[in-house]
Amino acid sequence: MVGPGDANANADTAAARAWAASGAMWLTGHADGPPLAPPWAVVPALAATADELRRLSALVGAEVTVDVGELLTGRAALLGLTRQGRTSANGTCRLLPTTDGWVAINLARPSDVEALPALVERPVGDDPWATLSRAAARLATADLVERGVLLGMPVAALPDEPPRYPHGHRHLPDPGTGAAAPRDAGSLLVVDLSSMWAGPVCAWLLGRVGMRVVKVESTARPDGARRGHPGFFGWLHAGHESVALDLRTPAGRDRLARLVGRADVVIEASRPRALAQLGIDAEAVVAGRPGRTWVSITGHGRHGDAAQRVAFGDDAAVAAGLVARDDAGDPVFCADAIADPITGLHAAVAALTSVVGGGGHLLDVAMVDAVDATLTTPAATDLPPGTPVARPRPPRAAGTAHEVPELGAHTDAVLAELGIPAPC
């Protein structure tokens, strides 16, 4: 017989068990130490979000189920990543102590490395991380973050407590405010302007519901994920159509605007000023036709100073407070760029909520808010002795070579079908 004390102990460890079974625990902790769990019921919260996706998807198309463990760890399994403590699993981001706290700094792009001398106000030697660590140790957290933000770097402070939707908004729309009745998923065109991970997860899930997904890339700057593991790109893009446009030219930007104008759902992960440079106003696009849904994925939000901030999956998770703690009580990264798959799942739920409600929404899905929405229930971090810790597992749906579109493979056919003329 199970007594009340045993039941409470089981409830207390259920979240840690789920984290261990997902494969995310294998990716969390120091390389030479045990795998760790965060003090939040992350996997149960994501399972509840996935259940909402399943319910909504059944209303408009195919019922979609999500394996949360596969979603969180599929990329790591494909790339052979493992836990590295205060270095992210992919190696680009680090948690550094400051005079009064911790910051996550991500050197994900060449431009981030180039900005380092201005950030630390001195030359950077052969080991940029050593220089950066010394600089962080003599600066206050707020000062370092302020400098990084001004330089356009992905940098975030670890808060003492989760920020609880810091921008004053949730990304789920009111499903009753749509201007038109929901349509069958098979009739809906999704134009995906995003890249890498969070946006493509949203597009992948909408495609599984039955929507037609057209991925749009710049010929000059295609999705960087194309240069990575083909199984990862194939997982998220198999079965989609590929349109490539030269967005440096007026003709290319005109065709992009026309294509966006034909979309029922638009997914993008750009700062608002980047869209403006392409001549696209998301608010105007949504207002231009009843029933359209626009999914805007940002690091910290679309409005105010937050709209200028850059974020990637690891630093965004830290900004929301999602870390585990080692024996010394110091933070370590959780899983692999975990804010990306979390945000992609939340973005898909928000998009489906809009579609079911008739559309007419511009959805502001900030990565830090999506992670924060997952940190609702405190949880134990210790596992009962003997509890297995699963390794990351590759996605079962990774596309094969013939299913993954080559860059621009469908440009002419898609634009002709949609009545978008070729440039003169």
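Trainee: What percentage of the 424 residues of the protein count as buried?

Mentor: This is a predicted model, in which local features need pLDDT of at least 70, side-chain atom pairs count only at pLDDT 80 or more, and totals for chains, interfaces and linings use all residues. Residues are numbered from 1 along each chain as its sequence is written, and side-chain values use heavy atoms, with hydrogens and water left out. A residue is buried at under 20% relative accessible area, with a 1.4 Å probe and protein chains only. Of the 424 residues, the share that counts as buried is 52%.

Trainee: What radius of gyration does the protein have?

Mentor: The radius is taken over C-alpha atoms, and the globule rule is 2.2 Å times the number of residues to the power 0.38. For 424 residues, a compact globule would come near 22 Å, and the protein agrees, with a value of 22 Å.

Trainee: How many helices and strands does the protein have?

Mentor: Both are DSSP runs, numbered from the N terminus: helices are H or I with at least four residues, and strands are E with at least two. The protein has 16 helices and eleven strands.

Trainee: Which residues in H9 meet H3?

Mentor: Helix H3 covers residues 68-79 and helix H9 covers residues 230-237, with their axes 8 Å apart. Contact means heavy atoms within 4.5 Å. From H3, the residues taking part are Glu70, Leu71, Gly74, Arg75 and Leu78. Their partners in H9 are Gly231, Phe232 and Trp235.

How values were computed. Axes fitted to C-alpha atoms, helices over the stretch in contact; angles between N-to-C directions. Buried < 20%, exposed > 50% of the residue type's maximum accessible area, 1.4 Å probe, protein only.
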